[in-house]
Amino acid sequence: MFYAAMLAWVKIVYNTVDDIIIQLGQKDRRQEPMAGKPLKRARAATTKPSAPSPARQPAAAVMIAKRIEEDIVLGRRQPRERLVEQDLCNLVGTHRGDVRLALFELEKKGLVERIPNRGAIVRGLTPQQVTEIYRVREELEVMAVRIIPFPVASGDISRLEQLQRQHTAAIAAGDLLTVFYSNLSFHQVLFGLCGNSCLIETIDWLAQKVYGIRSYANAFPESLERARQDHLDMIKALREADRDELIALTRRHLEPSPQAYIRDYERRFGKAEATDGFGKGPAERTPR
């Protein structure tokens, strides 16, 4: 009897506890939607204000980068010139985040350098650095014209002629920015004829690194006229499938810009005393 009474009592306790658990579970399920809604609203309230404006920031950064790049190409910003973030913000009416993104992109191109505790500056190349870059450029560009399949299609010749008409008109008008862009497009089309995407990409990358020295040659009318005539002679060599002449023109076409830059650099800083500007030691003399 005792054990039977004890077993009955245990069953009563078990059933009572079970009922309580079931009731609590039902209550929790009824309250879940009500508890979830404020949480969802709270999350939305904390994330929405911090979300970036994807349309504004990249557009502003691209505009700033393009503006600085064109200033460097035209010689309006000199090597080693400081790029003050607040000045750039005021120039285009934007925020420091956009300016920093633009400077980061220009740094990747090799046009801007960041100096610890000093900020960003227009990158200044030493004569030795310029010589090394142009030596590599010459070899790569000659490689490209050496593997261009001949004969060249008439459509490609026509495209080069069209770009050269723009280049010629820009020289006549004194529009140095259009001179720069039309010259850039001409060579991109020319080297693109080789069909080697890796080679084309590397040529473009090295050309970007020396955008800042283009203005030194473009300041002289005779250099612009020589570039114009070189382009016409290159088109003629392509039309006549004269590869040796095209190679010789490609080598010659690279000479004026580094020569003009190095002359100006040595005039300002001297040969033996020339340094890279940040206490890294004397720059080597340029081989002749």
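The entries below follow that order.

**Entry 1: the model.** I note at the outset that this is a predicted model.

**Entry 2: helices H3 and H4.** I looked up how helix H3, residues 85-92, packs against helix H4, residues 96-109. Their axes lie 9 Å apart, and the packing angle is about 110 degrees. Angles of 65 to 115 degrees count as roughly perpendicular, and H3 and H4 are therefore roughly perpendicular to each other. I then listed the residues that make the contact. H3 contributes Glu85, Gln86, Leu88 and Cys89, while H4 contributes Arg96, Val99, Arg100 and Leu103. By class, I recorded 4 nonpolar, 1 polar and 3 charged residues in the contact of H3 with H4.

**Entry 3: strands.** Which strands pair with E3, and in what sense? I found that strand E1, residues 82-83, pairs with strand E3, residues 119-122, in the antiparallel sense over 2 bridges. In this pairing I noted Arg82, whose bridge partner in E3 is Ile121. Strand E2, residues 112-115, also pairs with E3 in the antiparallel sense, here over 4 bridges. Ile115 stands opposite Gly119 of E3. I next looked up the hairpin of E2 and E3 and found 3 residues between the strands. Within this hairpin, Asn117 takes a positive phi near 65 degrees.

**Entry 4: the largest cavity.** How many cavities of 30 Å³ or more does a search of the whole structure find? The search returns 2. I recorded a volume of about 110 Å³ for the largest cavity. It is lined by 13 residues, and those closest to its centre are Arg123, Leu125, Lys209, Gly212 and Ile213. The lining of the largest cavity divides into 8 nonpolar, 3 polar and 2 charged residues.

**Entry 5: the second largest cavity.** For the second largest cavity I recorded a volume of about 40 Å³. Its lining consists of Ile64, Arg67, Ile68, Leu88, Leu91 and Val92. The elements that give two or more residues to this lining are helix H2, residues 56-73, and H3. By class, I counted 5 nonpolar residues, no polar residues and 1 charged residue in the lining of the second largest cavity.

**Entry 6: cross-reference.** I marked Leu88 in two entries: this residue takes part in the contact of H3 with H4, and Leu88 also lines the second largest cavity.

Conventions. Residues numbered from 1 in each chain as written. Predicted model: local features only at pLDDT ≥ 70, side-chain atom pairs only at ≥ 80, totals over all residues. Heavy atoms only, no water. Axes fitted to C-alpha atoms, helices over the stretch in contact; angles between N-to-C directions. Parallel < 35°, antiparallel > 145°, perpendicular 65-115°, else oblique. Contact = heavy atoms within 4.5 Å. Nonpolar A, V, L, I, M, F, W, Y, C, P; charged D, E, K, R; others polar. Pairing = 2+ DSSP bridges. 1 Å grid on protein atoms, 1.4 Å probe; cavity = no way out; pocket = protein on both sides within 12 Å on 5 of 7 lines; lining within 4 Å. Points joined across faces, edges and corners; volume = space filled by probe spheres on them.
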